[in-house]
Amino acid sequence: MLTVTPTAVEKLKDVLKDQAEQQASLRVIAAPAQHGGVQYMLTLEKELQQDDQSLDVNGVKFIVDSYSAPYVEDATIDYIEEMHRVGFTISNPKYASGGCGCGGNCSCGGH
């Protein structure tokens, strides 16, 4: 359903530890965007909802609601450190023109 790179897993563990939220899950929210793309967002959650699917990737817990699940299929969460941006990215080859709720191609957590 969802791929998370080893770099992203380690950075997410660091974020959860820094926030003292090691028991929290990361909710992946996806919504259709203009021009056929998809916007992705990551939020911290402590409780599951009735229609949620959960996934554990090397000790990091993710939640996806039933509406977002089709858009998350084949998506990859990565962490990048480039000259002009640093942060988490969510990409999906099915929706190559997508972005995310935090701008661009989901450079969430950028510095």
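**Entry 1**

I started at D52, which is buried, with a relative accessible area of 15%. Buried here means under 20% relative accessible area, exposed means over 50%, and partly exposed lies in between (1.4 Å probe, protein chains only). This is a predicted model, where local features need pLDDT of at least 70, side-chain atom pairs count only at pLDDT 80 or more, and totals for chains, interfaces and linings use all residues. Residues are numbered from 1 along each chain as its sequence is written, and side-chain values use heavy atoms, without hydrogens and water.

I looked up the partner of D52 and found a salt bridge with R27, the closest N and O atoms being 2.7 Å apart. D52 sits in the loop between strand 3 and strand 4, and R27 sits in strand 2, 25 residues apart. R27 is buried too, with a relative accessible area of 7%. Salt bridges with shared partners join R27, E45 and D52 into one network. I noted the cut-off: a side-chain nitrogen of Lys or Arg within 4 Å of a carboxyl oxygen of Asp or Glu.

**Entry 2: other salt bridges**

I found seven salt bridges in the structure. One of them pairs E81 with K11, with the closest N and O atoms 3.6 Å apart. E81 lies in strand 6 and K11 in helix 1, so this pair ties together parts that are 70 residues apart in sequence. E81 counts as exposed at 57% relative accessibility. K11 is partly exposed at 29%.

I also checked E21, which forms a salt bridge with K46; their closest N and O atoms are 3.5 Å apart. E21 is in the loop between helix 1 and strand 2, and K46 is in the loop between strand 3 (38–45) and strand 4. K46 is exposed, with a relative accessible area of 67%.

**Entry 3: strand 5**

I counted two helices and eight strands in the protein chain. Helices (H or I, at least four residues) and strands (E, at least two) are DSSP runs, numbered from the N terminus.

Why is strand 5 largely enclosed by the rest of the structure? Four of its five residues (60–64) are buried, so the strand is largely enclosed. Strand 4 (residues 53–57) pairs with strand 5 in the antiparallel sense over five bridges. Pairing requires at least two DSSP bridges between two strands. D56 has K61 in strand 5 as its bridge partner. The two strands form a hairpin with two residues between them, and N58 in the turn has a positive phi of about 50 degrees. Strand 2 (residues 25–32) runs parallel to strand 5, joined by two bridges.

**Entry 4: the 1-6-7 sheet**

I traced an open sheet of three strands in the order 1-6-7, with mixed pairing. Strand 1 (2–4) and strand 7 (86–91) stand at the edges with a single partner strand each, so one side of each has no neighbour in the sheet. Strand 6 (residues 75–81) pairs with strand 7 in the antiparallel sense over six bridges. T76 has S91 in strand 7 as its bridge partner.

**Entry 5: confidence**

I checked pLDDT, the predictor's confidence in each residue, from 0 to 100. The protein chain averages 83, and 86% of the residues score at least 70. Among the elements, strand 5 has the highest mean (94) and strand 8 (residues 99–100) the lowest (44). Where pLDDT is low, the predicted coordinates should not be read in detail.
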